[in-house]
Amino acid sequence: MIASLANAGGAAVPAQDETVAAFDPGDWASVQAQFKLSPELVHISNFFLASNPKPVRDAMARHRQAFDENPYTYLEDNMFAKPEDMVWRKVCEAAAAYTGGRAEDIALTTSTTQGLAMVYNGLKLAPEQEILTTSHEWYTHDEAMRLAVAKWGGSIRRIDLYQGPQDVSVEAIVARIEAAIRPSTRILAMTWVHSGTGVRLPVKEIGDLVARLNRDRTEAQRIIYVIDGVHGFGCSEAQVASLGCDFFSAGTHKWILGPHGTGVVWAREGQWAHIIPTIPTIMAAEPANAWRQERAPQGDTQAAWVSPGGFLAFENQWALIEAFQFVEKIGRKRIADRVAELNGQLKEGLAKLPNVYLHTPQAAQFSAGIVCCDVKGWAPKDVVAKLKAQNIIASATPYRHSTVRFSAGIVNTSQDIDKTLQAMRTFA
Ligand SMILES: Cc1ncc(COP(=O)(O)O)c(C=O)c1O
């Protein structure tokens, strides 16, 4: 349960945003009315960067006004004065209510990328150990591993999990990963939803495989399972704590609809102890006390020690509470069902077009809120430009093989999908 934090930080300042009709989380039109998206456009790139709903905008405005009026006292009172008044702890509570697990196992970051970098830089590999990952990772995930290995040693091996949507099944994916794991595999790095194909991996079943293989391994050889979860976090029903992973990084400025420059890393209880922090924190007393007393920090690394300091855009970080409350009010299952319904309608329509090749599986089990396709005879960027000229905002993926990418979210209607399909029919 998320604590009531409408006045997080105790700011006695009014909301600054315009008035919109009361929020009824059970009514999609009312949900859509909470956003300020330009109504003349079809916004079908919702995976990218969130438009913030009214409760989040109001919370940011409230914090910003308080900072503008008295920055020293507002930060001192809400960040440093008393442990029970630290707003970041309340952000972690709101995040943990969503991920499952404990608030003290949440680290606060500014993006998926930053969280992944903190994890790979913090986990030291022995020279003979490797990270096993895939050829489907987004650049910043792959690069976070490469940079960590370049500094600390060890190696990276990348495998293909599928060539096309026809290859995607639980059995096939799990079997490919099992066949690739070696005794030297120390980290298994996966992504929940691939942003280059739209494929959603069976991350829980992969977690079951890791648990089975770890039964025969010592603690020093145990496979550490890391997930880039950003495109499942906020549009899938499964709770992070149930996936069987050790570390899970996700920006909260995409599907959670939170302020820009916010994110979380969740770790399974006990896993933070494996991490050496990369960036000094200001969210925990012990590292700073140790510095003042000229000694090493005592005890195991905790999530808060891995939350990067120094001062941040606190008006954004703290308004993340309202973003988690907003999606929880609508309901994770309702959001997951809605995302599946709208993207399902899109995939069904695209599959009927003879010149379109869909990279994303039709089955909702293997896709979430991203739909990727090729249009025969057309470069993806030209498709996107032609759609934009018709006020439809799609994207071309910046992967080695670029595709046309759509992403329907709770801000969309079935009419948006119809308009997109109508435009796609003109590429014959
Ligand atoms: C799969 C995947 N991981 C990570 C990122 C980067 O996310 P962030 O901007 O939160 O670092 C992206 C970007 O959309 C992505 O597609």
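Start with the cysteines: a search of the whole structure finds zero disulfides. Keep in mind that this is a predicted model.

**Stop 1: the cysteines**

Select C245. This residue is in no disulfide. Its nearest cysteine sulfur belongs to C235, 16 Å away. C245 is buried, and its relative accessible area is 0%.

Now move to C372. Here the closest cysteine sulfur is that of C373, at 7.7 Å, which is too far for a bond. The cut-off for a disulfide is a pair of sulfur atoms within 2.5 Å. C372 is buried as well, with a relative accessible area of 0%.

**Stop 2: a stacked pair**

Turn to the aromatic rings. The structure holds 19 aromatic pairs. Select F23 and F326, one of these pairs. Their ring centres are 4.7 Å apart and their planes meet at 20 degrees, so the pair is stacked. Stacking calls for planes under 30 degrees apart.

F23 sits in the segment before α1 (28-33), while F326 belongs to helix α12 (residues 320-330). The pair therefore ties together parts that are 303 residues apart in sequence.

Show the surface next. Is F23 buried or partly exposed? F23 is partly exposed, at 23% relative accessible area. F326 counts as buried, at 2% relative accessibility.

**Stop 3: a tilted pair**

The ring centres of Y98 and F324 lie 5.7 Å apart. Their planes are at 45 degrees, so this pair is tilted.

Check burial on both sides. Y98 counts as buried at 2% relative accessibility. F324 is buried too, with a relative accessible area of 0%.

**Stop 4: an aromatic cluster**

Select F67, Y74, F80, F311, F314 and W318 together. These residues form one aromatic cluster.

**Stop 5: charges over rings**

Which ring does the charged end of R334 sit over? Select W28 along with R334: the charged end of R334 is over the ring of W28, 4.5 Å from its centre.

Finish with K386 and F427. K386 lies over the face of F427. The distance to the ring centre is 4.4 Å.

Notes
Residues are numbered from 1 along each chain as its sequence is written. This is a predicted model: local features need pLDDT of at least 70, side-chain atom pairs count only at pLDDT 80 or more; totals for chains, interfaces and linings use all residues. Side-chain values use heavy atoms; hydrogens and water are left out. Rings of Phe, Tyr and Trp (its six-membered ring) pair if their centres lie within 6.5 Å; planes under 30 degrees apart count as stacked, over 60 as edge-to-face and the rest as tilted. Helices (H or I, at least four residues) and strands (E, at least two) are DSSP runs, numbered from the N terminus. Buried means under 20% relative accessible area, exposed over 50%, partly exposed in between (1.4 Å probe, protein chains only). A charge sits over a ring if NZ of Lys or CZ of Arg is within 6 Å of the ring centre and within 35 degrees of the ring normal.
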